[in-house]
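Please read them with the structure open beside you.

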Amino acid sequence: AAAAAAPDFQQFMQYPPYSVPPSMPSMPMPYPHQSLPPYGQYMPPQNMMQPYMNMNMAYLGGMPAMPMFGHAPPVPEQGAPKNAKPRRQDQGGGKNSGPREAKGKRRAKGKNAKEEPAAALEDDDTLSAQLNQVRRQIREVPLEEVLQENLVGEFAKDQYGTRYIQQKLDEAPEETKHRVYAAIRAEAPDLAKDPYGNHLVQKIFDSADAQQRKAMVSALQGNVAKLSQDQCGCRVIQKAINAVSKESQQQISRELEDHVDDCIRNMHGNHVIQKCIEQMPPDSVNFIIRAVEQKAEETARHVYGCRVIQRLLEHCVSDQLKPMLEQILCNVAVLAKDAYGNYVVQHMLEHGRKEDKQRIIQTIRANIADFSREKYSSNVVEKCFEIATTGEHADTEIIQQERANLLSTVLEVPEVLYTLCTNTYGNYVVQRIMENARGEMELQSLFQAIRNIEHQIMSRDVPPGMIEDPREVFKHIQNYLSKVSPTM
């Protein structure tokens, strides 16, 4: 192989490198010394690449092409990379041995790590001199100076400026605070949407007196609906609802009244609606209930709407929610299988009236095997057994009767129990039934029912095309039983 490569090497070496002209030449064409070989004829890689390398080096100017073989002179050693750390001269090691790094001390990591040091910040020509001084910590700029130069808005929209004003407000006299509050109110709608300014508006609702909070709500008037659907503005509105009087809350709710549906379906606005339900008296959220009643099923199946209905179930009396509850109860079979609607059904089982719980349990019992096989509705089946055993109305006669009927459907119909024990989701329903068993007798009845179908499950072959092996699924039940009853 070496002998075969010798002619190619000699052929390659007969072409000297290009000489570099004193001025930048025009880009030369490839292969100046030879034409391309005929089609199919072999050309060594070095013969193909060398003209291109010479051509590029000549075009770039000043440096001849680098030779491609080992006999070429060594490349002069380059200086250390610009960001390279100096090598330690001593071998002793230790924390303080050797020269220190030229770039200075490394920044600490973790929750206490500091931000970019003020000395590293450069003056921003678009900012005032006072804000640049605060950013670089050159001097303490008094709030009086910020007020005199009308710089409150500029400071509020800067990461460093807004923190500076918040810190100064804590130690400022009342007169100065009121002047700062007035300056913030003048730009409140704009600041509430700003990533940094919204924190300053929230601070007023946190620390100012009732009169100042009320004035701030008035300053936001006409912008509540729009701010509620903004990433930063929704936080300001939530803070306001949480901090102001009932009168100011009603002022906010009046602006939201015509935009409830939009807010419910908005990733930010739904939190404002939830905050209204949580913080306002039940009789003040009728505007939300009316909006939900118009499309209760659709709202229950919405990723954000289901949260609003859950808050209504938690904080409002049932008499207020009758039309909404009736729509949900009429659609339990659909909602239980929905990715979001199932949470609404579970919440009704937890917070609803006993009559509502009865209707839900009856709907589930009518087709319990089908509901137990589904990913989402199986959670509803589990919830039925849980609330009928330990829930608010678990000891009432009506719920006790429904629980007995539900349990008998599982134990007395072998096809139902077989379906539950051999299904990916249904086996968790069986485990939850055992967790909520009342007394040793009831638990033994369940154990016996499982023993009766165990041989049938373990001896049956898997039908062709079946994704899950029933025997593998049933092992979850067996493992659970071995913990609960070692003799099983």
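1. In these notes, two residues are in contact when heavy atoms of theirs lie within 4.5 Å. Gln249 sits in helix α13, which covers residues 246-256, and with a relative accessibility of 7% Gln249 counts as buried.

2. The model is a predicted one, and its confidence should be kept in view throughout. The pLDDT averages 82 over the protein, and 74% of the residues score at least 70. Over residues 18-22 the pLDDT is below 50, and this stretch has seven contacts in the model beyond near neighbours in sequence. Residues 81-111 also stay under 50 in pLDDT, and for them the model has 17 contacts beyond four places in sequence.

3. As for the overall make-up, the protein has 29 helices and zero strands, and 41% of its 488 residues are buried. Of the contacts with a separation of 6 or more, 64% are between residues 24 or more positions apart. The accessible surface comes to about 27900 Å², and carbon and sulfur atoms account for 49% of that area.

4. Helix α26, residues 414-421, is mostly covered, since six of its eight residues are buried. The buried ones are Val416, Leu417, Tyr418, Thr419, Leu420 and Cys421, and what covers them includes α23 (368-373), α25 (397-412), α27 (426-435), α28 (439-459) and α29 (470-484).

5. The structure holds one aromatic pair. Phe155 and Tyr164 form this pair, which is tilted, with 6.3 Å from centre to centre and 45 degrees between the planes. Phe155 counts as buried because its relative accessibility is 0%, and Tyr164, at 9%, counts as buried too.

6. Turning to charged side chains, the structure holds 30 salt bridges. One of them joins the side chains of Glu140 and Lys168, at 2.8 Å from N to O. This pair links distant parts of the chain, with Glu140 in the loop between α3 (129-135) and α4 (143-148) and Lys168 in helix α6 (residues 159-171), 28 residues apart. Are the two partners buried or exposed? Glu140 is exposed, with a relative accessible area of 54%, whereas Lys168 counts as buried at 18% relative accessibility, because the cut-off for buried is under 20%.

7. Asp261 and Arg265 meet through their side chains at 2.6 Å, N to O; Asp261 counts as partly exposed at 25% relative accessibility, and Arg265 counts as partly exposed at 22%. The side chains of Arg403 and Glu442 meet at 2.8 Å, N to O. Arg403 lies in helix α25 and Glu442 in helix α28, so this pair ties together parts that are 39 residues apart in sequence. Arg403 counts as buried, at 8% relative accessibility.

8. Finally, salt bridges also form a network in this model, linking Glu350, Glu382, Lys383, Glu386, Arg432 and Glu435.

Notes
Residues numbered from 1 in each chain as written. Predicted model: local features only at pLDDT ≥ 70, side-chain atom pairs only at ≥ 80, totals over all residues. Heavy atoms only, no water. Helix = DSSP H or I, 4+ residues; strand = E, 2+ residues; numbered from the N terminus. Buried < 20%, exposed > 50% of the residue type's maximum accessible area, 1.4 Å probe, protein only. Areas by Shrake-Rupley, 256 points an atom, 1.4 Å probe, with all protein chains shown as cover. Phe/Tyr/Trp six-rings, centres within 6.5 Å; stacked < 30°, edge-to-face > 60°. pLDDT = per-residue confidence, 0-100. Salt bridge = Lys/Arg side-chain N within 4 Å of Asp/Glu carboxyl O.
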